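Hi,

Here is the structure I promised to pass on.

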Amino acid sequence: FVKGKLALAQGENQEAISCFEEVQKNEPSLTAVKLYQAQANLKEGDLVEAMSAARDLCGLADLAARARAIELRARLKDKDSSKKGLAEISFQVEKMSKEKPDDPALNAALGFLSLKEKDYARAREKFDKALALDPSNQDAILGLARLAKEEANPALAREMLARLSQLAPGDSEAKDLSDTLK
């Protein structure tokens, strides 16, 4: 499990997925592993698998918020995702965030939704709130970097990416964004 988490932080997503699959095979009762697997699939770009793994966890009270957040992020990235499916998961995440307003994962996911909708003020509010709740929230830091790029502030985007690289040196989304800033 630790090896998988380390691989995920270093951007070795395939290795992370492999480690998490091995843990699930040997310890099927460790359901949190599936959450990390969904996150690794999201980072790897296997959006269908990320959504599927996240959906499997939505019935578990302590993992549901993070699972829905991952599913929303995957749907936002998936160009083939139906508008109806995106609207449904967006509604569910909005509803959950009202029940759990202090959940950093939900706030970060809503920040990405707002970013896609070009509601930059709300995106900043949600990312900032996620970071206030969890200063090491990688999704919120990445979201602020994306927002800075959208607002034509490459210096701030690079600053956020540098901060993210300290937490997750191999983050593939951060590397992709960094490449667009050059």
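Before anything else, a word on how helices are named below: they are DSSP runs of H or I with at least four residues, numbered from the N terminus. Please also keep in mind that this is a predicted model.

With that naming, Glu 21 lies in helix 2. At a relative accessibility of 43%, Glu 21 is partly exposed. Together with Glu 44, Asp 46 and Glu 49, Glu 21 makes up a negative surface patch. Glu 44 sits in helix 3 and is also partly exposed, its relative accessible area being 36%.

How far apart are Glu 21 and Phe 1 in sequence and in space? They are separated by 20 residues in sequence, and their C-alpha atoms are 9.5 Å apart.

That brings me to the aromatics. Searching the whole structure gives 4 aromatic pairs. One of them joins Phe 1 and Phe 20 in a tilted arrangement, with 6.1 Å from centre to centre and 50° between the planes. Phe 1 belongs to the segment before helix 1 (2-9) and Phe 20 to helix 2 (residues 13-26), so this pair ties together parts that lie 19 residues apart in sequence. Are the two partners buried or exposed? Phe 1 is partly exposed, with a relative accessible area of 36%, whereas Phe 20 is buried at 0%.

Phe 1 has another aromatic partner, Tyr 36: this pair is edge-to-face, with centres 5.4 Å apart and 80° between the planes. Here too the pair links distant parts of the chain, as Phe 1 is in the segment before helix 1 and Tyr 36 is in helix 3 (residues 32-44), 35 residues apart. Why does Tyr 36 count as buried? Its relative accessibility is 16%, and the buried class covers residues under 20%. Put together, Phe 1, Phe 20 and Tyr 36 form one aromatic cluster.

Last item, back to charges. Which residues form a positive surface patch? They are Lys 79, Lys 83, Lys 116 and Lys 118. Of these, Lys 116 can be found in helix 7, which covers residues 104-116.

Cheers

Notes:
Residues numbered from 1 in each chain as written. Predicted model: local features only at pLDDT ≥ 70, side-chain atom pairs only at ≥ 80, totals over all residues. Heavy atoms only, no water. Patch = residues over 30% accessible without salt bridge, like charges linked within 9 Å, V, L, I, M, F, W, Y side chains within 5 Å. Areas by Shrake-Rupley, 256 points an atom, 1.4 Å probe, with all protein chains shown as cover. Salt bridge = Lys/Arg side-chain N within 4 Å of Asp/Glu carboxyl O. Lys, Arg positive; Asp, Glu negative; His and termini not counted. Charge placed at Lys NZ, Arg CZ, Asp CG, Glu CD. Helix = DSSP H or I, 4+ residues; strand = E, 2+ residues; numbered from the N terminus. Phe/Tyr/Trp six-rings, centres within 6.5 Å; stacked < 30°, edge-to-face > 60°. Buried < 20%, exposed > 50% of the residue type's maximum accessible area, 1.4 Å probe, protein only.
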